[in-house]
Amino acid sequence: MGIVAGLDSSSAFTHIVVCDTDTGAVLRQGYAAHPVEAKASEVDPQAWLLSLGEAASGGLLEGVEAIGVSAQQHGLVPLDHQGNLVRPALLGNDRRAQAAAADLVDGLGGRQAWAEAVGSVPQAAQPVAKLRWLARTEPEHAQRVAAVMQPHDWLVWQLLGRPARRTTDRGAASGTGYWSAGSGSYRPDLVELALGHQAALPEVLGPADASGTTPEGLLISAGTGETMAAAFGLGVAVGDAVVSLGASGSVMAVHHEALADPHGMITSFADATGMHLPVVHTSNAVRALRGTAEMLGLDGLEELSELALKSTPGASGLVLLPYLEGERTPHLPHTAGTLSGLRRESMKPEHLARAAFEGMLCSLTDALDVLRGRGVEVRRVFLLGAAAELPAVQALAPAVFGTQVVVPQPEQYAALGAARQAAWALGVSRGTLDARTPPAWRGAAAQVLEPGEELPVGRAVRQQYVATRDQVHPGAFGDAV
């Protein structure tokens with residue numbers, strides 16, 4: 001028995017969990033907010049270290065033998081030849097690189113060319129687009145960039161005392177836009193396409209590898225991005241999909257191979273275990289619920305949920321295509337939402353409320369079907385986000401998704417995943433664990449929901465939605481679903 005730690009440096013805080021290496025039981029925890037505005041789009045990375053130090057205060061890490069690092073994804077930390085910051089780090093929520101991303105798409109010959117090259121089409125959040133933005137808008141800074149890192153890479157490097165060797169992992173690398181999960185290699189030509197010259201990139205470690213050991217003897221594992229760490233902390237495996245309900249939505253699943261999607265709807269991430277995490281994003285999820293609640297003059301989503309359950313399946317024929325901010329899946333960036341099926345009998349608040357929930361869940365099912373259409377097995381769906389606790393979501397999701405739904409109890413899953421990775425690296429270094437098999441920690445405590453007799457009802461709701469979608473946006477998916 002030993003103890004390990006996992007830290008998650010998110011966009012707003014650092015959370016540390018200290019766990020038993022054998023079971024994953026959480027022994028103690030630490031937390032600290034970042035000393036910067038949560039919505040800031042650029043930041044001095046020293047703020048992450050200050051937050052880390054505060055979260056680890058009071059002897060939290062006493063007796064810890066290894067630590068894993070999870071951090072916010074898609075940040076860009078540009079360094080000069082001496083390893084010093086060229087400018088503040090650009091964060092994943094920075095949207096200034098949208099034009100730069102479109103420029104890169106054209107520069108390589110289109111969406112399909114990018115999907116085949118690195119498994120994703122450039123988006124404003126990705127480091128490759130940020131490099132292009134830097135080259136176009138801050139050329140004097142771009143010329144000084146000699147190396148690029150992401151937040152998790154930079155934190156690991158700092159914990160190790162800034163050694164000559166800089167490392168990352170497959171998961172974090174797969175979100176850069178210049179590393180291919182399919183080939184397991186960098187595309188330096190894409191860095192040059194974006195930045196105008198080459199830059200040093202961190203060495204990509206395997207899932208159970210160690211980045212190094214601190215002078216005090218603390219082993220530091222490879223670390224990974226938040227998405228991959230959370231999946232590892234949840235314990236998802238082949239046959240599992242994870243649906244995240246935020247303002248926008250995402251669907252990811254564990255798969256045995258990377259998926260190059262010519263439509264650009266699938267982002268081909270690598271996971272923290274040696275497998276793959278194909279992800280499909282939707283632009284609209286909970287924002288459709290919030291918009292409907294405001295339109296109906298309700299105080300919040302709880303009231304909207306209660307109202308929706310007074311309606312019947314199919315919402316008396318009302319169908320909401322929730323494309324309120326355009327849509328990524330299908331690729332309709334300039335469209336708007338559609339409310340269809342208005343009749344005198346359907347023009348009631350409860351039917352609109354129900355249509356909002358059904359529309360959101362059917363849109364996410366579209367994303368699930370993109371993965372299913374590429375051979376991804378989905379036997380159960382993990383449902384994450386505060387909206388997963390709403391009674392209307394829990395009542396409708398299993399039937400609409402057509403599968404078992406698991407609603408995990410709220411936990412710091414990214415930090416837990418980082419700790420589990422630390423336990424794996426520690427075990428491999430001592431010869432007690434196999435590099436191909438992670439430690440078998442207990443799974444997340446969760447509520448399990450079955451579609452049961454409601455499955456035919458869910459299919460009917462889904463058919464009504466698809467018919468409306470195809471009528472309003474014919475051919476939007478092509479052969480993708």
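Predicted model: local features only at pLDDT ≥ 70, side-chain atom pairs only at ≥ 80, totals over all residues.
Is Ser211 buried or exposed? Ser211 is buried, because its relative accessible area is 6%, where buried means under 20% relative accessible area, exposed over 50%, and partly exposed in between, with a 1.4 Å probe and protein chains only. I will come back to that residue after some background.

Residues are numbered from 1 along each chain as its sequence is written, and side-chain values use heavy atoms, with hydrogens and water left out.

First, the overall figures. The protein has 15 helices and 24 strands; helices (H or I, at least four residues) and strands (E, at least two) are DSSP runs, numbered from the N terminus. The C-alpha trace spans about 75 × 50 × 40 Å along the principal axes. For 481 residues, a compact globule would have a radius of gyration near 23 Å, and the protein agrees with that at 23 Å. That radius is taken over C-alpha atoms, and the globule rule is 2.2 Å times the number of residues to the power 0.38.

Of the 481 residues, 57% are buried. The accessible surface comes to about 18,600 Å², and carbon and sulfur atoms account for 50% of it; these areas come from the Shrake-Rupley method with a 1.4 Å probe, and for residues only the protein chains shown count as cover. As for contacts, meaning heavy atoms within 4.5 Å, take those between residues at least 6 apart in sequence: 71% of them join residues at least 24 apart.

On charge, there are 34 positive and 49 negative side chains, and the centres of the two sets lie 3 Å apart. Lys and Arg count as positive and Asp and Glu as negative, with His and the chain ends not counted. The place of a charge is NZ of Lys, CZ of Arg, CG of Asp or CD of Glu.

One annotation. An unreviewed UniProt entry places the feature "domain: Carbohydrate kinase FGGY C-terminal" at residues 241-426. UniProt positions are given in the numbering used here, feature names are shortened, and annotations may be inferred rather than shown by experiment. Over residues 241-426 the chain is 36% helix and 22% strand, with its end C-alpha atoms 28 Å apart.

Back to Ser211, then. Ser211 sits in strand S13, residues 210-213. Setting aside neighbours within four places in sequence, its contacts include Val156, Leu160, Thr167 and Ile220. Ala425 is 214 residues away from Ser211 in sequence, yet the two C-alpha atoms are 9.4 Å apart.

Ser10 counts as buried because its relative accessibility is 6%. Beyond four places in sequence, Ser10 contacts His34, Gln72 and Glu226.

Now some residues in other elements. Val448 belongs to strand S24, residues 446-449, and is partly exposed at 47% relative accessibility. Not counting residues up to four places away in sequence, Val448 touches Gln404, Val405 and Val406. Between Val448 and Val405 the C-alpha distance is 5.9 Å, across 43 residues of sequence. Gly107, in helix H2 (residues 98-108), is partly exposed at 48%. Its C-alpha lies 9.2 Å from that of Ala194, which is 87 residues away along the chain.

Ala40 is in the loop between strand S3 (26-33) and strand S4 (42-43), and is buried at 17%. Leaving out neighbours within four places, Ala40 is in contact with Leu91 and Asn93. Glu54 is 14 residues from Ala40 along the chain, and their C-alpha atoms are separated by 20 Å.

Last, the backbone. Where is the cis peptide bond? The bond from Thr329 to Pro330 is cis, with omega near 5°, and Pro330 lies in the loop between strand S20 (319-321) and strand S21 (338-340).

Arg162 has phi of about 55°; it lies in the loop between helix H6 (151-159) and strand S9 (167-169), and is partly exposed at 35%. Ala315 has phi of about 50° and lies in the loop between helix H11 (301-308) and S20. Ala315 is buried, at 0% relative accessibility.
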